[in-house]
Amino acid sequence: MQGSGAKEQSALNKRDPLNASLRRAATVTSLERIAAVVAAPADHWRQSSLNELGIRNLFVQPKHQGTGYEVLLALLLLENRVSPATAVLFLPADHIVNDEEVMTHALMTMAEWIAEEPRPVYLLGAVPQGPHDQLGYIVPWHDAMLMPTGVYEFVERPDVHRARKLINAGGLWNTFIFGGSVASLVKLFRPQFDAAIADLRAALQSDHMELDLVRSYDRLRPVDFSQDLLARQTDNLRVLRLLRCGWWPLKLPTPLFSASASRLETCGSVPVPRPVE
C-alpha cells in the first residue's frame, strides 16, 4: 500500500493540480464564468495559471482563515452578480484525476441535480482506496449509484481505526468537490455566522474595500468548511457517488508516510454563472 501511495505522489509531482482544476472547470462552463479564491498577495497568483481569469474573477483573501471563509467570501462576492437560485460548483486544487471524462460527467450531473432540486448542498464522494486520516468520510443513507442520497454521517479526518469502520459502513471519501444554489450554500452559514456575514458584506461594499476586508479578516477565527459546517448539517446534504476515475488526494495518510504535502492555499476554481440581466 505504501508503494501505491508513493506511485500516486510521484504522478502528482509531474502535474499541476491548479491548472488541472481550471481545465476541469472549463469543461462544464465558459472561462468568463470561472473564478478562483486565493490568498494575498494577488500579484503572485496573476503570474500563475490563474492569469487567464479576469481580475474581477480573482477573489483575493487578505489571509487564509480556513476553508469556511474561502467558500463564504466567494458566495458573498457572487450574490450581487447572480440570483440566489444560481448553481455554483466548488472545485479544489488538491488532488489528481486520471480519467477526466468521468469527472466531467460527474460535475455535469451535479449541476443538473442542483437545477432540478436547489435546496440541498451536493457533495461528490469517491470510493475509498483504503483508510485515510486526512480526508472526510461521507456515509450515505442508501447505496445509490446514480441518484443523490441523503447523508447519514459526515466525519472529518477520523483516525485509521474509525476510517476502516466508516468504509465498512459504505462511507465515501469526501473529495471536497461540492455545489448548490447560492442560497443553499449561504444557508449553511446561518445563523451561526450572521455577524461575520454582515461584517464581510459591509467590507465588500465599502469605499475602502481592501483595507476594511483586512480588518474584517483580522477579527475572524479560522473555520473549517467540512468539520465546522458540513459535519454538523447532514440533513441539508446529498451525496453523489463518483465513479472510479483515478481520483487521489494531494495529502497522504499519516500512518503510512512520515510527511504529507500541505493543501494548496486556494479553494480552487468556481464556475461562475452568467450575471442576472
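Leaving aside its neighbours within four places in sequence, which residues is serine 226 in contact with? I will come back to that in a moment, after a word on the model itself.

What you see is a predicted model, in which local features need pLDDT of at least 70 and side-chain atom pairs count only at pLDDT 80 or more, while totals for chains, interfaces and linings use all residues. Residues are numbered from 1 along each chain as its sequence is written, and side-chain values use heavy atoms, with hydrogens and water left out.

Now to serine 226, which is found in helix α10 (residues 225–229); helices here are DSSP runs of H or I with at least four residues, strands are runs of E with at least two, and both are numbered from the N terminus. With those sequence neighbours set aside, serine 226 is in contact with Phe154, Glu156, Asn174, Phe176 and Ala231, where contact means heavy atoms within 4.5 Å. Serine 226 counts as buried because its relative accessibility is 2%, and buried means under 20% relative accessible area, with exposed over 50% and partly exposed in between, using a 1.4 Å probe and protein chains only.

Turning to the chain overall, there are ten helices and eleven strands, and buried residues make up 53% of the 277 residues. The chain exposes about 13,300 Å², of which carbon and sulfur atoms supply 51%; these areas come from the Shrake-Rupley method with a 1.4 Å probe, and for residues only the protein chains shown count as cover. Among contacts between residues at least 6 apart in sequence, 77% join residues at least 24 apart.

Leaving aside neighbours within four places in sequence, isoleucine 114 is in contact with Ala87, Val88, Leu89, Tyr122, Gly179, Gly180 and Ser181. Isoleucine 114 and serine 184 are 70 residues apart in sequence, yet 9.8 Å apart in space from C-alpha to C-alpha.

Next, the strands. In β1 (residues 34–39), six of the six residues are buried; Ile34, Ala36 and Val38 point one way, and Ala35, Val37 and Ala39 point the other way. In a regular strand the side chains alternate between the two faces of the sheet. Strand β1 runs parallel to β2 (residues 58–61), joined by four bridges, with valine 38 standing opposite valine 60 in β2; two strands pair if DSSP finds at least two bridges between them.

Strand β9 (residues 237–242) is largely enclosed by the rest of the structure, because five of its six residues are buried. Strand β5 (residues 121–126) pairs with β9 in the parallel sense over six bridges, and alanine 126 stands opposite leucine 242. Strand β7 (residues 149–156), by contrast, runs antiparallel to β9 with two bridges, and there threonine 149 stands opposite valine 239.

Finally, a helix pair: the axes of α8 (residues 194–204) and α9 (residues 209–218) come within 8 Å and cross at roughly 160°, which makes α8 roughly antiparallel to α9, a label used for angles over 145 degrees. Axes are lines fitted to C-alpha atoms, for helices over the stretch in contact, and angles run from 0 to 180 degrees between N-to-C directions. Where the two helices meet, Asp199, Leu200, Ala203 and Leu204 in α8 face Met209, Asp212, Leu213, Ser216 and Tyr217 in α9 as contacts.

Methods. Angles under 35 degrees count as roughly parallel, over 145 as roughly antiparallel, 65 to 115 as roughly perpendicular and the rest as oblique.
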